Every structure is written in structure tokens, then in C-alpha cells.
Amino acid sequence: MQQVLFDVHGNRKYLTTKEWYSFLRAAELQPPDVRTFCAVLAYTGCRISEALALTPERIKFDEGVIIFETLKKRRKGVFRPVPVPAELLEALDLVHQIKRSQSLQKYRNVKLWPWARNTGWRNVKIVMEKANVVGTHASPKGLRHTFGIRTTQSGVPLNLVQRWLGHSRMETTAVYLDARGEEERAYMEMFWKNNK
């Protein structure tokens with residue numbers, strides 16, 4: 001389990017809370033499409049390929065979710081809804097005109113970001129640099145690991161984190177309980193607070 005959250009040199013593969021917020025602040029200064037792409041990755045923990053596959057029809061305003069097709073599965077058609085903040089949905093609508101696209105049949109299946117995978121990856125790396133986040137964790141995968149850590153730290157049941165990340169096995173998700181350093185201390189502070 002250790003190797004998922006730390007590399008062979010003991011460096012973490014996830015962002016601290018401070019780095020996560022710095023990343024989102026740096027993304028705010030980027031072009032609108034880069035900003036929304038980065039926010040979707042940060043707030044959902046989706047894989048970069050899953051974000052790049054998003055279309056307007058997968059954004060559900062009334063339910064407050066984004067529906068991802070889990071692309072790591074061995075078969076197509078496995079979908080999972082991930083709850084997102086209303087502000088993210090509003091930003092997606094403002095930048096990508098989601099509600100308008102949903103009403104026009106020919107735009108419902110047009111990808112929100114018509115980029116190649118390497119373009120999406122490069123945009124995230126640029127924002128990481130601007131946020132002064134460097135290292136193994138300064139990547140889309142680092143944002144995914146951060147989502148796993150942050151949700152488990154917040155007390156979200158592991159089965160929900162598993163569903164939101166699109167993991168088929170609970171053991172894969174349970175690795176996010178193995179936090180260290182600042183994140184480990186946050187767990188203990190919750191324990192201390194709840195046991196006064």
C-alpha cells in the first residue's frame with residue numbers, strides 16, 4: 001500500500017491541503033477552459049482521460065453531480081456520479097455553456113475539452129508550476145490521490161470514496177487511509193476533538 005502514496009524515495013504522491021488550495025488559486029488565473037479542467041480534476045478525483053471524455057450531457061445540475069464513464073474498467077458503459085460544489089457547476093456552465101449545449105442535440109456529445117491527453121497533462125503541469133507545487137505529486141495523478149486523502153480525512157465513508165474514484169476493489173481505495181505527516185496529524189486532531 002505504501003508505494004501508492006509514496007515513491008521509492010519516500011516522497012509523497014499527493015498534494016498537501018496548502019498545495020491543493022495554491023493549485024486552485026493558480027488555476028483561477030489561467031484561461032477559462034484550463035481553469036475548469038483543473039477544477040474538475042481537483043474536485044472529483046477523476047482520471048485525466050475521464051475528464052477529457054466529458055460532454056455536456058454528463059453534467060447534471062439538478063442532481064449536483066458530474067457523471068464519469070469509468071475508463072479503467074475492462075468494459076465500456078460503467079458510469080459513476082460524483083457530487084460537486086454548485087460553484088463548479090456554475091463555472092462549467094459559464095465557460096462551456098452546458099445548459100445551452102444540453103438543449104441543442106448536436107452539442108450534447110461534444111467534448112468539453114477537445115484536447116489530446118498530453119495537452120491536458122501539460123496544462124495541469126503549468127498550473128502546478130505557477131502554484132509552486134513541484135515533485136512527483138505535481139500531476140493529474142497527484143490531484144487524484146489528493147482527492148482520496150481529502151475525502152477520507154473528511155470522514156466520507158470508504159465505500160463512497162471507492163465509488164467516486166471508480167475503484168473496483170475496496171483494497172485499492174483503503175490506501176488513502178495510510179496518510180502521513182500533515183494528513184496523519186489531521187486525523188489525530190479529529191480524534192482529539194471528538195474525544196474531549
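In which loop is Asn132 found? Asn132 sits in the loop between α7 and α8 (140-153); helices here are DSSP runs of H or I with at least four residues, and strands runs of E with at least two, numbered from the N terminus.

1. A word on the basis first. This is a predicted model, in which local features need pLDDT of at least 70 and side-chain atom pairs count only at pLDDT 80 or more, while totals for chains, interfaces and linings use all residues. Residues are numbered from 1 along each chain as its sequence is written, and side-chain values use heavy atoms, with hydrogens and water left out.

2. Asn132 has a positive phi of about 60° although it is not a glycine. Asn132 counts as exposed, at 66% relative accessibility (buried is under 20% relative accessible area, exposed over 50%, partly exposed in between, with a 1.4 Å probe and protein chains only). As background, most residues other than glycine have a negative phi.

3. Gln97 lies in the loop between α5 (86-96) and α6 (98-103), and at 43% relative accessibility it counts as partly exposed.

4. Next, helix α3. This helix has 13 residues and reaches 18 Å from its first C-alpha to its last, close to the 18 Å expected at 1.5 Å a residue (the expected span is 1.5 Å times one less than the number of residues). Its buried residues include Val34, Thr36, Phe37, Cys38 and Leu41. Gly45 follows α3 and has a positive phi, near 70°.

5. How do α3 and α7 meet? The axes of α3 (residues 32-44) and α7 (residues 117-130) come within 10 Å and cross at roughly 90°; axes are lines fitted to C-alpha atoms, for helices over the stretch in contact, and angles run from 0 to 180 degrees between N-to-C directions. The two helices are therefore roughly perpendicular, a label for angles of 65 to 115 degrees (under 35 is roughly parallel, over 145 roughly antiparallel, the rest oblique). Val34, Phe37, Cys38 and Leu41 of α3 make the contact with Gly120, Asn123, Val124 and Val127 of α7, contact meaning heavy atoms within 4.5 Å. These residues divide into six nonpolar, two polar and no charged (Ala, Val, Leu, Ile, Met, Phe, Trp, Tyr, Cys and Pro count as nonpolar, Asp, Glu, Lys and Arg as charged, and the others, Gly among them, as polar).

6. Helix α2 (residues 17-28) also packs on α7: their axes come within 8 Å and cross at roughly 110°, so α2 and α7 are roughly perpendicular to each other. Phe23, Ala26 and Ala27 of α2 contact Val124, Val127, Met128 and Lys130 of α7. By class, that contact has six nonpolar, no polar and one charged residues.

7. Finally, please look around Thr36. The side chain of His96 makes a polar contact with the side chain of Thr36 (2.7 Å), and the side chain of Trp113 makes one with the side chain of Thr36 (3.3 Å). A polar contact is a pair of N or O atoms within 3.5 Å; within protein, one must be able to donate a hydrogen and the other to accept it, and residues adjacent in sequence count only if both atoms are side-chain atoms. His96, in helix α5, counts as buried at 14% relative accessibility. Trp113, in the loop between α6 and α7, is buried with a relative accessible area of 1%.
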